[in-house]
Each structure stands twice: as structure tokens, then as C-alpha cells.
Amino acid sequence: MATQCGKCGPGYPSPLEAMKGPREEIVYLPCIYGNTGIEAPDYLATVDIDPKSPQYCQVIEAEDIHAKCGLGYVHTSHCLASGEVMISTLGDSKGNGKGGFVLLDGETFEVKGTWEQPGGAAPMGYDFWYQPRHNVMISTEWAAPNVFRDGFNPADVEAGLYGSHLHVWDWQRHEIIQTLTLQDGLIPLEIRFLHNPDAAQGFVGCALSSTIQRFYKNQGGTWSVEKVIQVPPKKVKGWMLPEMPGLITDILLSLDDRFLYFSNWLHGDLRQYDISDPQRPRLTGQLFLGGSIVKGGPVQVLEDQELKSQPEPLVVKGKKVPGGPQMIQLSLDGKRLYVTTSLYSAWDKQFYPDLIREGSVMLQIDVDTVKGGLKLNPNFLVDFGKEPLGPALAHELRYPGGDCSSDIWL
């Protein structure tokens, strides 16, 4: 594993060339014990995903995260052309909202300062993506850490404490030049430009509204946004609210910009859309991987605009999978999709108590890249409930040489 950001990765000249790269053999996942009562630091797990390896589907290394970085309330990291690492923040040291960015030295990982101009942070933060050829960066917003860290309270939505904007930044001047208000766009989380470095459009997943919004550059140089996918809520009984949103928590694009993938953490399904026409995405694959509406659970679906019956619980290699699909990562060639099931420990505890008791899992999906389609690999399961110190919650997935959700071409 490379330890200097400016020297990481094979350095593919284009996204299409990256698709020809070697098959992934290991993946890194940050893991926490969270509310499980285990007094141990967060750690970075290395998982063997090489089918030819005798350690296939096993955690082969665990490294203390806080020994490397003591930053709090941070989320997304991207390497810059300068060799520095840029990390988005969700809040200040007191848990108040602050959508700023921290710069780290790419060799020592020491904090160098903030990226934005003094006093120029957004009100809230979460994810970001930049496109240098258009001199632009766009960031999203969840909420102030004080709002979400103890769990989800619907009253906070009514009070307007959750994000509903995209912030457009001048990449060279490091300042906000436009703020876009999202219609049906509560809690915009993960944002992705198309991988083509000349592209001036992309997508953002809005968790609570369960929409995918397309953002794009206008001829005059300003930016706009439009809703292109809506996951309808389900009328339910036995849940905290009379309607359950899908809760889109992660999205990504294949490196050829043909397919969009996203996870509905509460409904429990993973989706694939053909985005050859970005204004009109077409559903080509859907797979249920647990979730809150499975048969035999506490939730009864009273009205469903999409399904005729509630899905069956998911059992893989004899284990009933707790939680729902959350973070996702795609192989470079687009043929394998990896999925984890934990969102955030306080929300896990609230919506999926079994996750806290049993730990999360990692699954692998086979992808049809010709016609579209998703199929579960029944022989792949990484069970973080069997970690040496007890059940753990695994989050996002990263390859050592770059991947679909971290690489940006200049």
C-alpha cells in the first residue's frame, strides 16, 4: 500500500483505461465498534477478495485509525494534483454545522490548514467532487453533527435542520459561487460527476427524499439541478412513521459512465440504472439485500407502488443478513459490486438493532455489463460479527490503487 498520496495508484491515463486494469485482490474498510460496548479504537480492515487466495473473504489485517489521524467530524477524502489530501468536514469541534475542507500533507498526513477562504465554509457539509477542467467543485450537506449523531428525530426535519442544498465552488479561488436549492432533495449525501473529465454534469443521491438529482452546467456558466429518479415511499405499519422512505445512502457511477448504482438502506434494495441518456435513467437491475420490509419482520407494508409482496429475508452461507445495503464499491471493469450494511452506529442502533448485536457484513454482487442486471454471489460473505474483539460495523470500501468513488481525472 502506498503511503504518499501523490504517488498512489497505477496512474491510469483515462477512466476507460482504468477499466482494463487488474482484478481487485484486497479492499480496505474503516470499522468501528460504536455502541457495541467494546472499548477499542476504530480500525482499518484489510479484506482478501481474491478468489484464488486461501484467505478469501477474510479480514487479514486491522490497523488503528486514530493512531494516524485524530480529526473529528470528517467524511470524504480526495487526493489533489498538488499531492495534498483534501478532506470534507461536517462540523466544528463543538458539533455545530460547518461545511469546510481540511488539507493534509500528502507524505506526512499532517494538517496544513483549510482549503476554503477564511470564514468561507458552507453552513453544512458532507461529500464533494471536483472537475478541474470546468474550474468547479460541488459539495453536499447532511446536518450538523449535533443533529444526527444520537439518532434520527423527525422533528429535526420539520425544524429545517437537515440539508437540502448543493454548494458550487470556484476551484481556483476556493469560494462558493452558487448555492442550489434542491426540490424533493432532503439530505443530499453522495455526489458524483461523470468520470469523463470533460463532462459538466453528474448525480447526487438525496437520502431522505429518496431521489437522484442530476446537476449540470448551463451555457452561461451557471449550474442547475433536476430530479431524474424518485423512489416512492411505502405506506407501512409497525415503523416509526406511517411512510418509509428508501433512504438512498450511497451512489456511484461505472468508469465508462454507463451505469448508475445506488442503495436504499431502509427498503433494502440495490439498484442499477442505465444512464446513457443522463436526463432519463432507465432501471436495468434491482436486488433486495435485507432491509426493513422483509417478510416476518415487525414492519407490515400496507401500500407499495413498486412491489406486489414484501421481499424474503436474505440468508448468505447460513447467516441471515442484518441491516440493508449501504456503502457500495464497483470493480474497475464494472463486473463486481461490493456492498456493506452499516450506515452510522447511532442510526444502526435505531433502525437495525441486530447490526449492533451481530455486526455488519460485506457482500458481492455479479453485474451484467451488457444487458444490465444484478445477481448475488452466494459464496461471498465477510462477517464482521466474528471479529476478535466482537461485532464490528464496517463502512465504505476502498481499493489500494484507486476506485470508482475516489479517482478524479485531471
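Is Lys234 buried or exposed, going by relative accessibility? Lys234 counts as buried, because its relative accessibility is 1%. Buried here means under 20% relative accessible area, exposed means over 50%, and partly exposed is in between, using a 1.4 Å probe and protein chains only.

Okay, a quick word on the model before we go on. It's a predicted one, where local features need pLDDT of at least 70 and side-chain atom pairs count only at pLDDT 80 or more, while totals for chains, interfaces and linings use all residues. Residues are numbered from 1 along each chain as its sequence is written, and side-chain values use heavy atoms, with hydrogens and water left out.

So, back to Lys234. Its side chain meets that of Asp304 in a salt bridge, at 2.8 Å from N to O. A salt bridge is a side-chain nitrogen of Lys or Arg within 4 Å of a carboxyl oxygen of Asp or Glu. This pair links distant parts of the chain: Lys234 is in strand β16 (residues 234-237), Asp304 is in the loop between β22 (300-303) and β23 (315-316), and they are 70 residues apart. When I say strand or helix, I mean DSSP runs numbered from the N terminus: helices are H or I with at least four residues, strands are E with at least two. Asp304 is partly exposed, because its relative accessible area is 21%. 

Here's another salt bridge: Asp274 with Arg258, where the closest N and O atoms are 3.6 Å apart. Again the pair links distant parts of the chain, with Asp274 in strand β20 (residues 269-274) and Arg258 in the loop between β18 and β19, 16 residues apart. Asp274 counts as buried at 8% relative accessibility, and Arg258 is partly exposed at 24%. There's also a network: salt bridges that share partners join Lys234, Asp269, Arg271, Asp304 and Glu306.

One more pair to look at is Arg214 and Glu226, whose side chains meet at 2.6 Å, N to O. Arg214 counts as buried at 8%, while Glu226 counts as partly exposed at 23%. And the count of salt bridges comes to 25.

Now for the rings. A pair of aromatic rings is described by the distance of the centres and the angle of the planes. Rings of Phe, Tyr and Trp (its six-membered ring) pair if their centres lie within 6.5 Å; planes under 30 degrees apart count as stacked, over 60 as edge-to-face, and the rest as tilted. How many aromatic pairs does a search of the whole structure find? The search finds 25. Take Phe101 and Phe128: their ring centres are 5.2 Å apart and their planes are at 75°, so that pair is edge-to-face. Phe101 sits in strand β6 (residues 101-104) and Phe128 in strand β8, so the pair ties together parts that are 27 residues apart in sequence. Phe101 counts as buried at 2%, and Phe128 does too, at 0%.

Then there's Phe152 with Tyr162, a tilted pair with 5.9 Å centre to centre and 50° between the planes. Both Phe152 and Tyr162 are buried. Ring pairs also link a cluster that includes Tyr126, Trp142, Phe148, Phe152 and Tyr162.

Four strands form an open sheet in the order β8-β9-β10-β11, with antiparallel pairing. The edge strands are β8 (128-131) and β11 (175-181), and each pairs on one side only. Two strands pair, by the way, if DSSP finds at least two bridges between them. β8 and strand β9 (residues 136-139) are joined over four bridges, and Trp129 stands opposite Ile138 in β9.

Ser263 is in strand β19 (residues 259-264), and Ser263 is buried, with a relative accessible area of 0%. Its side chain reaches the backbone oxygen of Gln326 at 2.7 Å. Asp250, in strand β18 (residues 248-253), is buried too, at 1%. A polar atom of the Asp250 side chain lies 2.8 Å from the backbone nitrogen of Ile328. That's my tour, thanks!

Note on methods:
A polar contact is a pair of N or O atoms within 3.5 Å; within protein, one must be able to donate a hydrogen and the other to accept it, and residues adjacent in sequence count only if both atoms are side-chain atoms.
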